[in-house]
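Dear colleague,

I am passing on the structure below, together with notes on what was found in it. Please read the notes with the coordinates open beside you.

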Amino acid sequence: MDKLLIRGGRALHGEVAISGAKNAALPELCAVLLTADPVTLHNVPHLQDVSTMLKLIRNMGVEIEQQENGTVSANASHVTAPEAPYELVKTMRASILALGPLLARFGEATVSLPGGCAIGSRPVDQHIKGLQAMGAEIVVEHGYIIAKLPAGRTRLHGARITTDMVTVTGTENLLMAAVLAEGETILENAAQEPEIPDLAEMLIAMGAKIEGHGTSRIRIQGVERLHGCTHTVVADRIETGTFLCAVAATGGDVLVRHGRADHLDAVVEKLREAGANVQAVEGGIRVSSPGPAWQHLKAQSFRTTEYPGFPTDMQAQFMALNCVSQGSSKVTETIFENRFMHVNELVRLGAHIQTDGKVAVVEGVQRLSGATVMATDLRASASLVIAGLVADGETVVDRIYHLDRGYDRMEAKLRGIGADIERVK
């Protein structure tokens, strides 16, 4: 099993290129199921979750050509099995995104209940409720969601759907189902994360009729068929935010190429309030800090919430920054109930953190001390890497398969801007 060995204490300088967004690429790979025509996606990141999704749709009969430069060509003209089996689904929750496209185009779908990170419950009942409102007959048995159209119907029908909670994958699933439904669908309480407008733009390029994407109310006029397209995956805002926090923690000056400051308003605002210099520039974001966080930055309290608020996927990384900034801070996690699992590992490195339910109180310290720590989920992994970059001595981050699910060759990118980090067996 691979580990990361980090020797901390180096400021970061230079340029780092941000890859395509995992949370955009995964639904967009499922969207190829909506047409029999060829689809080409550019800027697809090299990630374990992407490999799993490619394997999943390939298993259904989709022809895939993948290039090293991040281009994926897909042809779903000969789908033979509209099914997502447990063996391929168990490691990745995003596999539920196959449900809507399969049902919309083929009139049936069998998708295993998903697995993935153990950071809290992410129920699929909103997906099921929405598809049922569009006319699907759905049963859940033996660990599978089994969906089909009623006898005599060849398409889903439009509906007004108001989800009980804001759900990103739920919005994406229902959006993809609605583009081939008969009539108009209105999604109320829709998620607004930038990955959803990116998916919508891909669907529009395929011939879909969508308005309001990026707002809480999306209107879709269903069409009979979609055609192929070429689409470039939007840059990953969470990878961007992770590198911004890493530079702020260690000091230095880095151009984060392709990063979109307008996709990270809440994070950028907190970094600026802490004392880091973060500026949107042509081609990306420049972040700089004159030295280590303890000498120059002030800890910031924040509360995670749905976009455009502070993202839960940046909570662990910013907490790592707070650990080595001046003063105390309060971090409140409102999205997932088990998302403080990185706290115990940060404490192993010398951080001072106390938790009480959904709240963590962090007292900044002047130094962390290298140790062996264990990643518990994707974003926790990134927080431990940031902590290791500022800790004295050597830090070993174990179980980095979590990291590989969402970060495209992170250690190589960090080495490129001056970090002393390597992957070891």
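This is a predicted model: local features need pLDDT of at least 70, side-chain atom pairs count only at pLDDT 80 or more; totals for chains, interfaces and linings use all residues.

Most residues other than glycine have a negative phi, and most peptide bonds are trans. Histidine 258 counts as partly exposed because its relative accessibility is 43%, which falls between the 20% limit for buried and the 50% limit for exposed. A second case is arginine 399, a residue other than glycine whose phi is positive and near 60°; arginine 399 sits in the loop between S23 and helix H14 (401-404) and is partly exposed, with a relative accessible area of 25%. The peptide bond between tyrosine 307 and proline 308 is cis, with omega about 15°, and proline 308 belongs to the loop between strand S18 (302-303) and helix H11 (315-323).

Turning to the sheets, I begin with the one that holds S15. Here 4 strands form an open sheet of mixed pairing, in the order S2-S15-S17-S16. Strand S2 (12-17) and strand S16 (277-281) are at the edges and have a single partner strand each, so one side of each is left without a neighbour in the sheet. On average, and with direction ignored, neighbouring strands of this sheet are turned by 10° against each other. Within the sheet, strand S15 (residues 252-257) and strand S17 (residues 284-289) run antiparallel and are joined by 6 bridges, with glycine 252 standing opposite serine 289 in S17.

The sheet that contains S23 is also an open one of 4 strands with mixed pairing, and its order is S22-S23-S1-S24. Its edges are strand S22 (372-374) and strand S24 (420-424), each of which has a single partner strand, so that one side of each has no neighbour in the sheet. Strand S1 (residues 3-7) pairs with S24 in the antiparallel sense over 5 bridges, and isoleucine 6 has isoleucine 421 in S24 as its bridge partner. Helix H13 (residues 378-390) packs on the sheet, where it touches S1, S22, strand S23 (394-398) and S24, and the direction of H13 makes about 30° with that of S1.

What is the angle at which helix H5 and helix H6 pack? Helix H5 (residues 125-133) and helix H6 (residues 168-178) pack at about 25°, with their axes 9 Å apart, and that makes H5 roughly parallel to H6, since angles under 35 degrees count as roughly parallel. The contact involves Gln126, His127, Gly130 and Leu131 of H5, and Thr169, Gly170, Asn173, Leu174 and Ala177 of H6. By class, the residues of the contact of H5 with H6 are 3 nonpolar, 6 polar and no charged.

Asparagine 173, in helix H6, is buried, with a relative accessible area of 0%. Apart from its neighbours within four places in sequence, asparagine 173 is in contact with Ile96, Leu97, Leu99, Gly100, Pro101 and His127.

Methods:
Residues are numbered from 1 along each chain as its sequence is written. Side-chain values use heavy atoms; hydrogens and water are left out. Two strands pair if DSSP finds at least two bridges between them. Helices (H or I, at least four residues) and strands (E, at least two) are DSSP runs, numbered from the N terminus. Contact means heavy atoms within 4.5 Å. Axes are lines fitted to C-alpha atoms, for helices over the stretch in contact, and angles run from 0 to 180 degrees between N-to-C directions. Angles under 35 degrees count as roughly parallel, over 145 as roughly antiparallel, 65 to 115 as roughly perpendicular and the rest as oblique. Ala, Val, Leu, Ile, Met, Phe, Trp, Tyr, Cys and Pro count as nonpolar, Asp, Glu, Lys and Arg as charged, and the others, Gly among them, as polar. Buried means under 20% relative accessible area, exposed over 50%, partly exposed in between (1.4 Å probe, protein chains only).
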